[in-house]
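Please keep the sequence and the three-dimensional view at hand while reading.

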Amino acid sequence: MTESARLPRRSRPDAVGVLSAARKVADDLKDGLSGVRARRAAHGLRRLFDVAGLGLADLSGSLMWSGRPGADDAVSQILDDVLHQEEPITAGGVTAVPLHVHDELAGALLLVGEVPGAVTRQAADLVVQALERGRLEASADQAAQAELRALRAEMSPHFVYNALTVIASFVRSEPDRARDLMLDFADYTRYSLSRHGEYTVVAEEFRAVETYLALQRAVLGERLKVQVRVAPEVLAVAVPYLVLEPLVENAIRHGIEPRSGTGLVQVHGQAEGNDCVISVEDDGVGMEPERAAAILAGSGDGTGLGLANVDRRLRTVYGAWYGLTVETAVGEGTRVVLRVPRFQPGVLP
């Protein structure tokens, strides 16, 4: 019988329990040492490392205790010293260590009783790693929100001016049409500019696209033909907010408007196995494939920034296998394909 076969059976569930406890502590510290779950993190850490008392302090000196706290006077002095000196201190039966997150002091960890140095270091490392992870996730969320604000800011002033001018021209001759178009414009601006949750559904994205297209048809008249078709089975698929309208806007602004004569924009959505696939195709001027690749990578000439923004957000949420692909050639139009999974854990409207 091998050595591994003679290991006691209880060792594996114990290891799983330790990992599970460490993961819960990390989740509880996601919002920092002063977050709403910091006290629960302190309880989890004390049980995990089996110490008599454990405290977590932020830079303000506010303490979250679990178990038996140290003497108030001793703890107050030790905490003040460790936050100012940024070096481990042991006194009066309490050990305090500074917590540095990305080389910046974030707070302190306090342990009560005779605690081995190895245990102190492991506990501090676990807290620091959890705080670093929380900051990285917060930074990613802030970046995603910034990109969404950038998309909203890209609403074309040229389009807004033209839409309002066309609506005004219909006020006397076709008042009913002017009213309908004004309602469409209100819906378009509300969806594009108002605050939304992080995710919506395909049905809402298509509704926004149809409103935008109604306004563009009024602006461009007979120059713009549109075909929209979406399969019912993908209408409820959850997607990041504002991922479809920028694709349609790019098709019209950079495909149809520069060409002479009538142009056609087709927007199709369908299920392909476990994926939702939405394509936006125009028969406009097209471009060199190399330029399209540069635009998608965010290193183009400033046009099509919405495509790079949408692609980045999709790949951040779903992974490298998903996002946008662009098929184009000069004079042959452009086809942008958006692919996302129909079901993704954590992606809910």
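## Salt bridges in the model

The model discussed here is predicted. It holds 13 salt bridges. In one of them, Glu272 is joined to Arg339, and the closest N and O atoms are 3.2 Å apart. This pair links distant parts of the chain: Glu272 lies in strand β9 (residues 263-272) and Arg339 in strand β12, 67 residues apart. Glu272 has 36% relative accessibility and therefore counts as partly exposed, since that class lies between the limits of 20% and 50%. Arg339 is also partly exposed, with a relative accessible area of 27%.

Another salt bridge joins Arg335 to Glu281, with 3.8 Å between the closest N and O atoms. This pair, too, links distant parts of the chain, because Arg335 belongs to strand β12 and Glu281 to strand β10 (residues 275-282), 54 residues apart. The relative accessible area of Arg335 is 28%, so this residue is partly exposed. Glu281, at 32% relative accessibility, is likewise partly exposed.

Arg335 has a further partner in Glu327, and here the closest N and O atoms are 3.4 Å apart. Glu327 is partly exposed, at 42% relative accessibility.

## The five-stranded sheet

Which strands make up the open sheet, and in what order? The sheet has five strands in the order β7-β9-β10-β12-β11, and their pairing is mixed. At the edges are β7 (224-230) and β11 (323-328), each of which pairs on one side only. From one strand to the next, the twist averages 10°.

## Strand β12 and its neighbours

Strand β12 (residues 334-341) is joined to β11 by six bridges, and the two strands run antiparallel. Two residue pairs illustrate this contact between strands. Glu327 stands opposite Arg335 in β12, and these two residues also form the salt bridge with closest N and O atoms 3.4 Å apart. Thr328 has Thr334 in β12 as its bridge partner. In the hairpin of β11 and β12, five residues lie between the strands, and Gly331 takes a positive phi near 80°.

On its other pairing, β12 is joined to β10 by eight bridges, again running antiparallel. Val280 stands opposite Val336 in β12. Is β12 mostly covered or mostly exposed? The strand is mostly covered, with six of its eight residues buried.

## A buried tyrosine

Tyr188 is placed in helix α6 (residues 175-193). Its relative accessibility is 3%, and because this is under 20%, Tyr188 counts as buried. Between the C-alpha atoms of Tyr188 and Leu213 the separation is 9.9 Å, although these residues are 25 positions apart along the chain.

## The chain as a whole

The chain contains 10 helices and 12 strands. Of its 349 residues, 44% are buried. The chain exposes about 18,600 Å², and carbon and sulfur atoms supply 52% of this area. Among contacts with a separation of 6 or more, 65% are between residues 24 or more positions apart.

## Confidence of the prediction

How confident is the predictor, and what is the mean pLDDT of the chain? The mean pLDDT is 83, and 86% of the residues reach 70 or more. Over residues 1-13, by contrast, pLDDT stays under 50. For this stretch the model has one contact beyond four places in sequence.

Technical notes:
Residues numbered from 1 in each chain as written. Predicted model: local features only at pLDDT ≥ 70, side-chain atom pairs only at ≥ 80, totals over all residues. Heavy atoms only, no water. Pairing = 2+ DSSP bridges. Helix = DSSP H or I, 4+ residues; strand = E, 2+ residues; numbered from the N terminus. Axes fitted to C-alpha atoms, helices over the stretch in contact; angles between N-to-C directions. Salt bridge = Lys/Arg side-chain N within 4 Å of Asp/Glu carboxyl O. Buried < 20%, exposed > 50% of the residue type's maximum accessible area, 1.4 Å probe, protein only. Contact = heavy atoms within 4.5 Å. Areas by Shrake-Rupley, 256 points an atom, 1.4 Å probe, with all protein chains shown as cover. pLDDT = per-residue confidence, 0-100.
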